[in-house]
Amino acid sequence: MKNLDELVLSRSQELIQTVQESVRIPSICSAPQPDCPYGREIGRTLDHALHVAQSLGFHTVNLDGKVAWAEYGDGEEIVGAMGHLDVVPPGENWDFDPFCGDIVDNHIRGRGTQDDKGPLFSSLFALKALADSGVPLKNKIRIIFGLDEESGKMRDVTAYLESEGPWLMGYTPDGEYPVINAEKGALKFIGKTNFTGNLPGKITPLSYNGGESTGSVPAKAEALLSGGKRELEEAKGILTKMAAELHWPISTSWHDSHLKISVMGKAAHATLPGLGVNAIGRLCSLMAKLDMAETYRRFFRFIGENIALSPDLSGLGLAASHPHAGDITCNLAQLKGDNNNASFFVGIYIPAETISFEDACSKIKSICLKEAIVLDIQTQMAPLLVSPQSRLIQALSRGYKSATNEEPRLLSMCGSTYSKKMPNMVPFGGAFNDEPDFAHGANERVLIDRLLRSTCIMSHALRELAND
């Protein structure tokens, strides 16, 4: 039998080229097309992945563009990995083309290199190394190409389970090493309000918006203000002074007789708001200081300071923590409104054994109702907490130790991965917890040495899963 690590490295150039090619396809969810239910670009990315899998000698299955997989082995039970080829929009503040796929300083650069194209193709090439090694396998292995993770809907998982049913066990390469056994639950909602009655004030918010993706901390937010020339000049002065004192980057410009304000933040994964800077929160906090009707000011103050700039949810009195699963976190991802109405999207990420969805929903609805905001609950996903003694965690731990000669330690993570919807799954790799996290942020890139190391670890983990 051949050495797994040597087999991985023997195909390193193929893996690198495959990731580059996939990154160059902007696979953002869009309007459905024939045979492309999540949009044409995601369909193109799937075609590419299936072509690569077939060139490696794997049997592939495509369920009408909803989900697909490559498989190896003849066992009755199925194990494997499920990652995703769809990505979030690039957002602001990139120093290079988000879909370039170039190599600079030993990094592959572009959206999806960390989340999740790089790790998914690591799993595929890990399976190829395992297939070429001659190691006998008890279970069939599938590498599932997910296509609808970033929308949060995960219709790909639904399609897979309706067709195939649950597998024995597996992982999603959408986390980090060593081994993750806990993942926060997700409560996502849209808040809506109308501005009615007498609305006195020198300034009126004609429009305001921010956030490209529900899965990211918004990096930019803008508003268009109307009023008299003198009043708008005063508003410009107030905004500029406040932003300078707070060291918040903003810009102002005139559009006809209206004042436009643009506020910059820093993108990050929605589940890790502490790594980003919420531009919507900054915009709303600034707007609340202007001479506009109190109805507007109260709304901006509430969603800006109590939600967007309070990522630990202390602004709503819901701060909570679990010794292993971590703190509750919150991200106000999107805002859109005018002088008549407004809507916003919020994701709350709840660790296991802290606060129930029912209690969280009840308290948030009650608080928002006092602010004349009505909630529309979009998603409820229970937290994940898997026993360290479970068959799955033990198999992944053996695989990690076999590849690294290190004792694995258990981690928790914040994300809303496929583990929430696909039974018998936890996140595993492909990031390392000592490297920068660029997922959903600007300048996403992956170090090639880490990509190859991750592929080696995954080959050992797949072997343990297949022979458990």
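**Enclosed space and cysteines**

In this predicted model, the largest cavity is lined by Leu7, Val8, Arg11, Leu15, Phe125, Lys128, Ala129 and Thr455. Two elements, helix 1 (4–10) and helix 4 (117–133), each give two or more residues to that lining. For the cysteines, a search of the whole structure returns zero disulfides.

Cavity

- The count of cavities of 30 Å³ or more comes to one, and the largest cavity holds about 40 Å³ of space.
- Helix 4 makes the greatest contribution to the lining of the largest cavity, with three residues.
- By residue class, the lining of the largest cavity divides into five nonpolar residues, one polar residue and two charged residues.

Cysteines

- The sulfur of Cys361 has its closest cysteine sulfur in Cys368, at 11 Å, which is too far for a bond, given that a disulfide requires two cysteine sulfur atoms within 2.5 Å.
- Cys361 is also buried, and its relative accessible area is 11%.
- Cys414 likewise takes part in no disulfide, and the nearest cysteine sulfur, which belongs to Cys330, lies 13 Å away.
- With a relative accessibility of 15%, Cys414 counts as buried, the cut-off for that term being under 20% relative accessible area.

Note on methods. Residues numbered from 1 in each chain as written. Predicted model: local features only at pLDDT ≥ 70, side-chain atom pairs only at ≥ 80, totals over all residues. Heavy atoms only, no water. 1 Å grid on protein atoms, 1.4 Å probe; cavity = no way out; pocket = protein on both sides within 12 Å on 5 of 7 lines; lining within 4 Å. Points joined across faces, edges and corners; volume = space filled by probe spheres on them. Helix = DSSP H or I, 4+ residues; strand = E, 2+ residues; numbered from the N terminus. Nonpolar A, V, L, I, M, F, W, Y, C, P; charged D, E, K, R; others polar. Buried < 20%, exposed > 50% of the residue type's maximum accessible area, 1.4 Å probe, protein only.
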